[in-house]
Amino acid sequence: MLEQIAEIKNLFNKSLQEIKTLPDLETEKIRFLGRKGLIATLFETLGDVPQDSRPVIGQQINALKKEIEIHFSELKNKLNLLTAGLQSVDITLPGRALPVGKRHPLHQVADQIKAIFSSMGFEIADGPEVETDYYNFEALNMPRTHPARDMQDTLYISDNLVLRTHTSPVQIRVMESRKPPIRIIAPGRVFRRDTPDASHSPFFHQSEGLVVGEDVTFADLKGVIESFAAQMLGREIKVRFRPSFFPFTEPSVEYDFNCVFCKGKGCRVCKNTGWLEISGAGMVHPNVLKNVGYDPGKISGYAFGMGIDRLAMLKFNINDIRILFENDLRFINQF
Ligand SMILES: [Zn+2]
């Protein structure tokens, strides 16, 4: 009897090695555990065993039966998992691409501006977006009654606090905090009370530039702007300066780049002029230098602005400023 039990155990171990599929498993289960299976036969022959050894033999058969049941059930789980896995994985499908994040086109342009000016020895400066009236206007030679304040549609937070209308307040903050020489750019977001359309947005991005020291001249300003244009948009870009007016610079200019789309021949984008307006610039007004405690007799400087959104639109041929801020992935993914 004990030999029979051992033999069935051997048979079972062999069977476990050979079962590869769920139907195999069912067949083998019936062979061992079925109503007329090997274990049942063992129990039937138990009657032939002498009375006194019956309980011990009976226990051994029961133990074997339990062992077989446990192993079959584990194997069944394993085969089930394998089958489910095989059904849900089509190994002929191409791999799934993981989306990789990248810089927003505006940040790409801002990074490029920073890199170009850094290479010319400029530092990157920063200032608050909520400004006091003093830094946004008064220190920049625009007292409360100055008509130039009408040039900007300002978003006021209170009588004395505004959302900065330009990055120029950073000039004042930097000059107040240290002595010349100073060579900074200050990129950032600015706000105007504008109705959004293809070329206007209630907020947009500018970079301020400021160079202050002894013997800083208008020729230096021209050189820096021309060098920037060449590095940003290519050597063939020409720069034009036109007289203009800003309260915080004297003399003041506006500067244009020749049209990147038609190379200056004239097209719809440049309204057939061959030129695209970029921003304003000029020599820092003596009153501004006085406001920060510098002596305009000894110290001079130039300042310039540039629209980051405008440069991004030129660089990437974008005709509506609003899509820069909508964060539509179909648009952003193109850069
Ligand atoms: Zn053009």
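Gly 209 has Phe 304 in S10 as its bridge partner. Strands S6 (203–213) and S10 (300–307) run antiparallel and are joined by 8 bridges. Strands here are DSSP E runs of at least two residues, helices are H or I runs of at least four, and both are numbered from the N terminus; two strands count as paired if DSSP finds at least two bridges between them. This is a predicted model, in which local features need pLDDT of at least 70 and side-chain atom pairs count only at pLDDT 80 or more, while totals for chains, interfaces and linings use all residues. Residues are numbered from 1 along each chain as its sequence is written.

On to the neighbours of S10. Strand S9 (residues 275–284) pairs with S10 in the antiparallel sense over 3 bridges, with Gly 282 standing opposite Ala 303. Since 7 of its 8 residues are buried, S10 is largely enclosed by the rest of the structure (buried means 20 or more other C-beta atoms within 10 Å of a residue's own, exposed 12 or fewer, partly exposed in between, with C-beta atoms placed from the backbone).

Zooming out, 7 strands make up an open sheet of mixed pairing, in the order S1-S5-S6-S10-S9-S8-S7. Its edge strands, S1 (123–124) and S7 (239–246), each pair on one side only. S7 teams up with S8 (residues 249–258) in the antiparallel sense, over 7 bridges, and Arg 242 sits opposite Glu 254 in S8. Helix H5 (residues 105–119) packs on the sheet, where S1, S5 (182–191) and S6 are touched, and its direction makes about 165° with that of S5. Helix H7 (residues 169–177) lies across S5, S6 and S10, at about 35° to S6. Axes are lines fitted to C-alpha atoms, for helices over the stretch in contact, and angles run from 0 to 180 degrees between N-to-C directions; contact puts C-beta atoms, placed from the backbone, within 7 Å.

Then there are the cores (sets of buried Ala, Val, Leu, Ile, Met, Phe, Trp, Tyr and Cys residues joined through C-beta atoms within 7 Å). The largest nonpolar core has 56 residues, and those touching the most other members are Ile 184, Val 212, Ile 225, Ala 281, Tyr 302 and Ile 308. Another core lies apart, with 7 residues, among them Ile 8 and Phe 72.

Definitions and conventions: Two residues are in contact if their C-beta atoms, placed from the backbone, lie within 7 Å.
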